[in-house]
Amino acid sequence: MKTIITSDSSCDLSKEQVKEYNIYEVPISVILGENEFKDGVDIFPEDIFDYVKQNKKLPKTAAISSYEYSEFFKSVFEKEGDVNIVHIGLGSKISSSFNNALEAAKEFDGKVIVVDGNNLSSGTGLLVLYAAKLAKDGLEASEIAQKVEERVAFVQAGFIIQEVSYLYKGGRCSAMALIGANLLRIKPRIQVIDGAMKNVGKPRGKMLPVLKQYVDDVLKEYNNPDKAICFVTHSSIEPEIADEIVEYVKSKNIFDEVVQTVASSTITSHCGKGTLGILYINDGGKA
Amino acid sequence: MKRFLSFVLVLFAFLPVMLFSACGENKTGINMSRYFSQSVSYTLYGANGTQTENLSHFTGSKADKPNKYLSVTFTGENAWIYKMTVEKIEFDVFSNIDTELQFIVRVSNLKNGDLNGYQEPKFTVPVDNIKAGKTAHVEINVNDYFASNSATTSIVIELDGAQHYFANGEETGLQIDIINFSVKGEHKL
């Protein structure tokens with residue numbers, strides 16, 4: 001039976017990839033003040049930046065509820081007919097969306113399998129894309145889920161954060177700490193480790209050299225990549241910097257494809273403007 | 001004899017009050033342990049799967065289990081809660097650091113739902129200026145009733161999104177607790 005792959009709006013795949021592989025995405029809610037929006041439907045990263053600039057407050061996100069998942073899965077069955085669904089969304093250690101998806105899946109008598117990608121952004125996207133390729137090859141839903149689960153632990157996802165001021169706006173660091181971070185030009189490096197985010201370094205300096213050093217460090221630390229694809233995902237960093245990092249990754253002659261994607265409003269709400277990461281599966285492409 | 005008559009008169013005078021109190025479902029708060037499951041499920045930032053805690057922790061007044069909650073789900077006992085009118089939901093939030101939070105509270109199985117026609121409306125609840133080691137009180141006006149005796153009835157308090165616990169490359173250190181959880185309502189249908 002045909003399998004459809006679904007995810008949520010935080011998986012940060014490009015529109016072309018979503019279209020090519022017929023991937024369905026359920027939007028995450030982004031809340032600005034008292035107003036609620038649907039990520040990628042009626043809110044986009046630029047709206048987030050404008051809101052933060054004007055209000056000095058951070059946006060919030062809301063998990064996708066069981067009810068919303070149930071309606072979403074129903075809509076996929078209505079469009080696709082008698083199919084199975086494999087859903088891979090935001091990791092369970094980051095959002096309760098995963099547990100809500102599991103709860104909703106119970107309604108569909110085994111026709112919806114929910115996989116915990118244990119990741120975020122295009123870290124999830126890599127798994128979604130892999131699942132979609134397997135679905136295109138005609139594998140059954142249970143086989144796809146199993147093969148995806150085998151790769152979850154190998155996803156290398158990390159970012160360099162440009163704007164520490166987001167922390168200040170959230171009331172979570174003092175003005176002095178913010179001034180200190182800016183003076184020292186600290187650009188925190190975070191890594192998704194076992195499904196949760198960890199600070200693994202505080203490089204200093206201008207963004208471009210910091211990013212190039214970060215690329216070198218990641219490729220050295222996670223040196224068994226699946227060479228098929230590497231994502232360079234960013235939250236509206238300056239285009240020149242993004243392009244230069246894409247070229248820099250390409251110049252390493254490791255990956256067949258280096259894809260630049262822009263982070264969704266959900267991811268942007270979390271990390272602020274100018275965050276950039278490189279993401280790939282570090283299992284040597286055994287799959 | 002006079003004393004006995006006075007006693008009978010006083011008894012009659014207070015009888016209505018005593019009867020109403022015995023019902024225990026007035027707007028000052030329902031008997032939570034009767035109307036909700038003793039097992040409350042929750043998810044935590046940084047942890048896999050769903051965990052459970054006894055209802056009494058969340059209805060009690062001791063904030064002695066602060067944690068990195070993403071969601072706390074109270075499940076109604078349908079046999080009891082069916083057709084109960086809900087006026088408001090109240091709880092206190094404890095935080096270990098100075099912060100401002102924004103909760104989403106979802107209530108399922110309501111008759112009227114929200115303005116968009118969803119039977120599971122979301123209430124966005126900002127809680128500003130929570131001081132470290134203190135609690136802030138939250139009140140949500142619902143003014144609806146639980147409509148079905150077969151659908152799942154749940155109240156979910158959600159603080160979703162990793163940004164509460166990890167922001168811009170740093171652990172925020174935030175831990176919260178939900179206490180004094182109560183539902184104000186009555187059975188009048």
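So, secondary structure first: chain A has 11 helices and 13 strands, where helices (H or I, at least four residues) and strands (E, at least two) are DSSP runs numbered from the N terminus. Keep in mind that this is a predicted model, where local features need pLDDT of at least 70, side-chain atom pairs count only at pLDDT 80 or more, and totals for chains, interfaces and linings use all residues. Residues are numbered from 1 along each chain as its sequence is written, chains are lettered from A in the order in which they are written, and side-chain values use heavy atoms, with hydrogens and water left out.

Of the 287 residues in chain A, 60% are buried, meaning under 20% relative accessible area, with exposed being over 50% and partly exposed in between (1.4 Å probe, protein chains only). Contact here means heavy atoms within 4.5 Å. Take the chain A contacts between residues at least 6 apart in sequence: 77% of them join residues at least 24 apart.

Okay, let's look at A:P59. You'll find A:P59 in the loop between helix 2 (45-55) and strand 5 (60-62) of chain A. Buried or exposed? A:P59 counts as buried, because its relative accessibility is 1%. Leaving aside neighbours within four places in sequence, its contacts include A:I48, A:Y51, A:S269 and, from chain B, B:Q163. A:L32 is another contact, and the C-alpha atoms of A:P59 and A:L32 are separated by 5.1 Å, although the two are 27 residues apart along the chain.

Now over to A:I179, in helix 8 (residues 175-183) of chain A. A:I179 has 46% relative accessibility, so it counts as partly exposed.
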